Amino acid sequence: MAISHSFIPLTFFILLFKQVISGIDTNWYDAHATFYGGLSGAGTMQGACGYGDLYKQGYGLANTALSTALFNNGATCGACFQLVCVNDPQWCIKGARPITVTATNFCPPDYSKTTDIWCNPPQKHFDLSYKMFTSIAYEKGGIIPVKYRRVSCFKRGGVRFEINGNPNFLLVLVFNVANAGEVSRVSVKGSKTGWIPMKRNWGQKWNSGVNLVGQALSFQVTTSDGKTLEFYSVSPYNWQFGQTYEGRGNF
């Protein structure tokens, strides 16, 4: 598909959208965007970040899958991005407001193809939910040029911890993280232990091999901007696998 080019200078977009939202990165970058998942968004659930049901976890349809260049092996999961459709007057919706989405999935590369390789390195690409894509562009456009930047995530309530695994393999999903959104380091503390570093298992799921059954759990979380918060006694001593607990406070 041929892409038409607008003659509106880039400085116009920078000046216009600097005022829309206070982000953690004021620079805009070039990328492309497509959509997946259908009208209901069912296809965007259970993604590579480990969030599972995005409605249940509070992310809803304001989500996106990221190409390899942006996904960073799962470290970018939970980060928020602002996007605007540009330089394609045929498919960009005139006057559409910028969208803000959370990274919840991975758009895998396809090395068997030589065309339409949008998610292959080094391409920066967003595979948006259908609802988000059609908020800035017409469906028939299929793929559109966009400008994007990182922005602060706004979440309600405290940071949440979903506990799974077994007595010898504690697996914790950390979600509903505000501000930077992406978690870079997690430690867990039982009521009878000191702080125990956890390892990223995949996405935003973190694991430890220490048996902490029967102890109240506290968590120390660091986000990508270097800020660290400690959430004490998040779960009671009789916590159960498969349960979600909410910390007091957020970033």
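Predicted model: local features only at pLDDT ≥ 70, side-chain atom pairs only at ≥ 80, totals over all residues.
Buried means under 20% relative accessible area.

The structure holds 4 disulfides. Counting the bonded cysteines along the chain, their pattern reads 1-2, 3-8, 4-5, 6-7.

| Disulfide | S to S | Torsion about the S-S bond | Handedness |
|---|---|---|---|
| Cys49 and Cys77 | 2.0 Å | about -80 degrees | left-handed |
| Cys85 and Cys92 | 2.0 Å | -75 degrees | left-handed |
| Cys107 and Cys119 | 1.8 Å | 85 degrees | right-handed |

Where do Cys107 and Cys119 sit? Both are in the loop between strand E4 (99-106) and strand E5 (125-129), 12 residues apart. Cys107 and Cys119 are both buried.

Cys49 belongs to the loop between strand E1 (29-36) and strand E2 (63-66), while Cys77 belongs to the loop between helix H2 (68-71) and strand E3 (80-85), so their bond ties together parts 28 residues apart in sequence. Cys49 and Cys77 are both buried too.

Why does Cys85 count as buried? Its relative accessibility is 9%, and the cut-off is under 20%.

Strands of a sheet pair through backbone hydrogen bonds, either parallel or antiparallel. This open sheet has 4 strands in the order E10-E9-E13-E14, and the pairing is antiparallel. Strand E10 (195-197) and strand E14 (228-235) form the edges, each pairing on one side only. From one strand to the next, the twist averages 25 degrees. Strand E9 (residues 183-190) meets strand E13 (residues 217-223) over 7 bridges, and Val188 stands opposite Phe219 in E13.

Technical notes. Residues numbered from 1 in each chain as written. Heavy atoms only, no water. Pairing = 2+ DSSP bridges. Helix = DSSP H or I, 4+ residues; strand = E, 2+ residues; numbered from the N terminus. Axes fitted to C-alpha atoms, helices over the stretch in contact; angles between N-to-C directions. Disulfide = S-S within 2.5 Å. Buried < 20%, exposed > 50% of the residue type's maximum accessible area, 1.4 Å probe, protein only.
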